[in-house]
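Colleague: I am new to this structure and would like to know what stands behind the words used for it. Please set each value against its definition.

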Amino acid sequence: MIQDVTSPDAAPAPGEAPALRRFGYAAVALLLAGIVLGAAIGLVIPHFRTPADDSVEAGFFRDMSSHHAQAVEMAMIAHAGSDTPAIVTLSADIATTQQAQIGYMQAWLRDWDLSPTSDQQPMAWMPDSAGSVVNGLMPGMATPEQLASLRKATGKDLDVQFLTLMRAHHLGGIHMAQEAAKLSDDKDVDWLADSMVTAQQGEIQLIDDLLKQAQAG
């Protein structure tokens, strides 16, 4: 008699039941492992994707926002006061680029539910940075006296002061951005830091050329 294998009462072939049970146990174990792994990923990934308040990423964005803000201020002074077309154009480019980058950094801080400011000292996110901050100013930043002098300057004096201050400012910003890219594991932060380095290195070459022209004129 041929056994009806489609019948719910059909008996399994010899050795089939243990094999099915083993398969069932394995499937359940795999499912449970997947659930546990999924839960772990759900807990861990947000931690990596959202930097902490004292992280390199948060500290760099806060400090660089302040650093950029001074560059924008100096660029706008030069843009309004210089009679040299190349410096008017350069200052507009610097102000536009760095203001846009401030927008990026502040938006990311908001997305991370972090404050745009912190009680930490400037450059606290960078190891061994104590010597980098002088009188509360981050690398390359102009002093209040230098800014006051720039505001009063005109003609060639304005051009030379602006280019000299901005060159130092860019060198400081490049140093900060390079350190942030080295210390951060966030690819988006690395991308922004690298783009700052590339842009400001290119602008330093132009600044050097314009400074030679201004000093020779």
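Modeller: Start with two helices: H4 (residues 144-152) and H5 (residues 155-183) pack at an angle of about 145 degrees, with axes 9 Å apart. Axes here are lines fitted to C-alpha atoms, for helices over the stretch in contact, and angles run from 0 to 180 degrees between N-to-C directions. Helices are DSSP runs of H or I with at least four residues, strands are runs of E with at least two, and both are numbered from the N terminus. This is a predicted model, in which local features need pLDDT of at least 70 and side-chain atom pairs count only at pLDDT 80 or more, while totals for chains, interfaces and linings use all residues. Residues are numbered from 1 along each chain as its sequence is written, and side-chain values use heavy atoms, with hydrogens and water left out.

Colleague: Which residues make the contact of H4 and H5?

Modeller: Gln146, Ser149 and Leu150 of H4 meet Leu158, Gln161, Phe162 and Leu165 of H5, where contact means heavy atoms within 4.5 Å. Four of the residues in this contact are nonpolar, three are polar and none is charged. Ala, Val, Leu, Ile, Met, Phe, Trp, Tyr, Cys and Pro count as nonpolar, Asp, Glu, Lys and Arg as charged, and the others, Gly among them, as polar.

Colleague: How many aromatic pairs does the structure hold, and why is the pair of Phe60 and Phe61 called tilted?

Modeller: The structure holds six aromatic pairs. Rings of Phe, Tyr and Trp (its six-membered ring) pair if their centres lie within 6.5 Å; planes under 30 degrees apart count as stacked, over 60 as edge-to-face and the rest as tilted. The ring centres of Phe60 and Phe61 are 5.9 Å apart and the planes stand at 40 degrees, so this pair is tilted.

Colleague: What makes the pair of Phe61 and Trp108 stacked?

Modeller: The planes of Phe61 and Trp108 are 10 degrees apart, with 5.5 Å centre to centre, and the pair is stacked. Phe61 lies in helix H2 (residues 56-81) and Trp108 in helix H3 (residues 85-111), so the pair ties together parts that are 47 residues apart in sequence. One aromatic cluster takes in Phe60, Phe61, Tyr104, Trp108, Trp112, Trp125 and Trp191.

Colleague: How do you know that Phe61 is buried?

Modeller: Buried means under 20% relative accessible area, exposed over 50%, and partly exposed in between (1.4 Å probe, protein chains only). Phe61 has a relative accessible area of 0%, so Phe61 is buried. Phe60, at 0% relative accessibility, also counts as buried.

Colleague: What covers the buried residues of H3?

Modeller: The cover includes H2, H5 and helix H6 (187-216). Among the buried residues of H3 are Ile87, Leu90, Gln98 and Trp108.

Colleague: Why is Met196 called buried, and what is Met196 in contact with?

Modeller: The relative accessible area of Met196 is 1%, so this residue is buried. Met196 is in helix H6. Leaving aside neighbours within four places in sequence, Met196 is in contact with Phe60, Met64, His68, Gln101, Met105 and Ala177.

Colleague: How many helices and strands does the chain have?

Modeller: The chain has six helices and zero strands. Buried residues make up 37% of its 217 residues.
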